Amino acid sequence: MVLPAVNALPIKTIANATTDKKAEIGQLIVAYALNDSVGIADMALAETNARAMAIALNKDNVQKRIVSTLRPWTKLKGGWKAHRRTFAKNDKALEKAKKRVRKRKKPFYPERRYQQVKSEVTGLENKFGITKDPKDPKRLTKARGKLSKKKVNLPKQ
């Protein structure tokens, strides 16, 4: 490593790193020397360099933690819009289903409907007797067919 403020020649850097995973603490011990046997005369410059290196490493570490912490949130934020649309679609489908259930829950009175069709047939027979319209027999036949179907659907008494 070259420290221009200390020496123009490369300086030996010896480092030892230890970590405590439970406490999530890391420690880096750095020693500077001109060669194997001679240390640096001005330790203040070496300390300044060590501090700058520690700050740079810490910034990188903190930045990685921030990114890893925010990554799930950014995924969630982008996906939330799609989920919101899905929820809206499901709400609409639920409302439609509720309407269908309400329609089906309306009371079904086969006797009443049978009486309505029977009165319709009687009215058409009377009308045909008076007007002699050629379309009336077709209507009367259709109404009698409905009446026979309704009679089949009547509950047995």
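**The largest pocket**

Guide: Read along the sequence, the chain runs β-β-α-α-α. That comes to 3 helices and 2 strands, where helices (H or I, at least four residues) and strands (E, at least two) are DSSP runs numbered from the N terminus. This is a predicted model: local features need pLDDT of at least 70, side-chain atom pairs count only at pLDDT 80 or more, and totals for chains, interfaces and linings use all residues. Residues are numbered from 1 along each chain as its sequence is written, and side-chain values use heavy atoms, with hydrogens and water left out.

Now the pocket. The largest pocket holds about 460 Å³ of space. A pocket here is an open set of points on a 1 Å grid over the protein atoms alone, where a 1.4 Å probe fits, with protein on both sides within 12 Å along at least five of seven lines. Its volume is the space filled by probe spheres set on the points, which are joined across faces, edges and corners.

The largest pocket is lined by 15 residues, and closest to its centre are Ile-25, Gly-26, Gln-27, Asn-58 and Asn-61. Lining residues have an atom within 4 Å of a point. Two or more lining residues come from each of β1 (12-20), β2 (25-33) and α1 (43-104). Helix α1 gives the largest share, 5 residues.

By type, the lining has 5 nonpolar, 6 polar and 4 charged residues. Nonpolar means Ala, Val, Leu, Ile, Met, Phe, Trp, Tyr, Cys and Pro; charged means Asp, Glu, Lys and Arg; the others, Gly among them, are polar.
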